[in-house]
Amino acid sequence: RLFISVLKDDNNLSCELALQLGSGAHFHAQLDCVRLEKDNREHAVRIALADITERRQAESALRQERDINQHYLNAMHALMVELDSDGKIIMANRAAQNLLGYTESELLGRNWFETCLPQPEGMEIIYPMFCRLMSGEAAPGNEFENTILCRDGSRRQIAWRNTCMTDRNGQIVGTLSSGMDITARKHSELALQDSEARYRRFAE
């Protein structure tokens with residue numbers, strides 16, 4: 001049926017198939033069909049097969065490794081966020097999704113600094129710092145604190161640890177950040193400072 005479609009509709013065909021050898025063994029193949037013509041008339045179909053079994057096995061192993069890593073990331077209580085060199089979100093684990101109030105599909109591809117940080121601080125202060133990090137002008141510090149903006153409008157204070165991601169050539173291609181919600185701790189510190197200030201005024 002596929003070959004008839006190539007002959008009849010002048011559509012070259014390229015697809016992947018699982019084929020079986022005479023021995024009963026299975027392998028994956030890349031199938032390419034091209035219609036050949038003779039004197040402007042339909043004449044024949046040229047078929048090319050390439051064994052892509054190793055490639056498919058490598059892709060399957062990579063998917064399995066990625067799924068395992070994602071499972072570990074989702075099991076962590078810390079927020080995990082990965083950004084590309086433009087500041088777009090390419091990974092946010094379940095803890096980050098739950099705190100921010102977004103699903104993964106709603107976050108992926110969006111600019112982190114524009115979407116998840118209050119403005120104008122996000123784009124005018126934090127994003128330029130990120131750009132310097134991507135250009136190599138600055139190095140990630142041990143810990144960085146900033147406020148994030150949740151979907152419901154609430155704000156949370158997060159302590160981040162940032163790592164630069166590099167390609168095979170050592171070029172910086174993004175960041176991987178782990179964060180802890182320290183909002184309650186910050187509120188306690190502010191309350192303690194306020195209490196101490198009131199005590200000093202009373203003593204004076």
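Tutor: Start with the idea. A disulfide is a covalent bond between the sulfur atoms of two cysteines. Here, a pair counts when the two sulfur atoms lie within 2.5 Å. Keep in mind that this model is predicted.

Student: How many disulfides does that rule give?

Tutor: The count is zero. Take cysteine 116. Its closest cysteine sulfur belongs to cysteine 150, and because the gap is 8.6 Å, it is too far for a bond.

Student: Is cysteine 116 buried or exposed?

Tutor: Cysteine 116 has 0% relative accessibility, so it counts as buried. Cysteine 131 has 33%, so it counts as partly exposed. Across the protein chain of 204 residues, 27% are buried.

Student: Now pockets. How is empty space found?

Tutor: Rolling a probe the size of a water molecule over the atoms shows where empty space is left. In this model, the largest pocket has a volume of about 420 Å³.

Student: Which residues lie nearest the centre of the largest pocket?

Tutor: They are Ile126, Phe130, Leu133, Phe144 and Asn162, out of 21 lining residues. By class, the lining has 14 nonpolar, five polar and two charged residues.

Student: Which element gives the most to that lining?

Tutor: H6 does, with five residues. Other elements supply at least two residues each, including strand E4 (79-84), helix H5 (112-115) and strand E8 (172-181).

Student: How many helices and strands does the protein chain have?

Tutor: There are seven helices and eight strands.

Definitions and conventions. Residues are numbered from 1 along each chain as its sequence is written. This is a predicted model: local features need pLDDT of at least 70, side-chain atom pairs count only at pLDDT 80 or more; totals for chains, interfaces and linings use all residues. Side-chain values use heavy atoms; hydrogens and water are left out. Helices (H or I, at least four residues) and strands (E, at least two) are DSSP runs, numbered from the N terminus. Buried means under 20% relative accessible area, exposed over 50%, partly exposed in between (1.4 Å probe, protein chains only). On a 1 Å grid over the protein atoms alone, a cavity is a set of points where a 1.4 Å probe fits but cannot get out, and a pocket is an open set with protein on both sides within 12 Å along at least five of seven lines; lining residues have an atom within 4 Å of a point. Grid points are joined across faces, edges and corners, and a volume is the space filled by probe spheres set on the points. Ala, Val, Leu, Ile, Met, Phe, Trp, Tyr, Cys and Pro count as nonpolar, Asp, Glu, Lys and Arg as charged, and the others, Gly among them, as polar.
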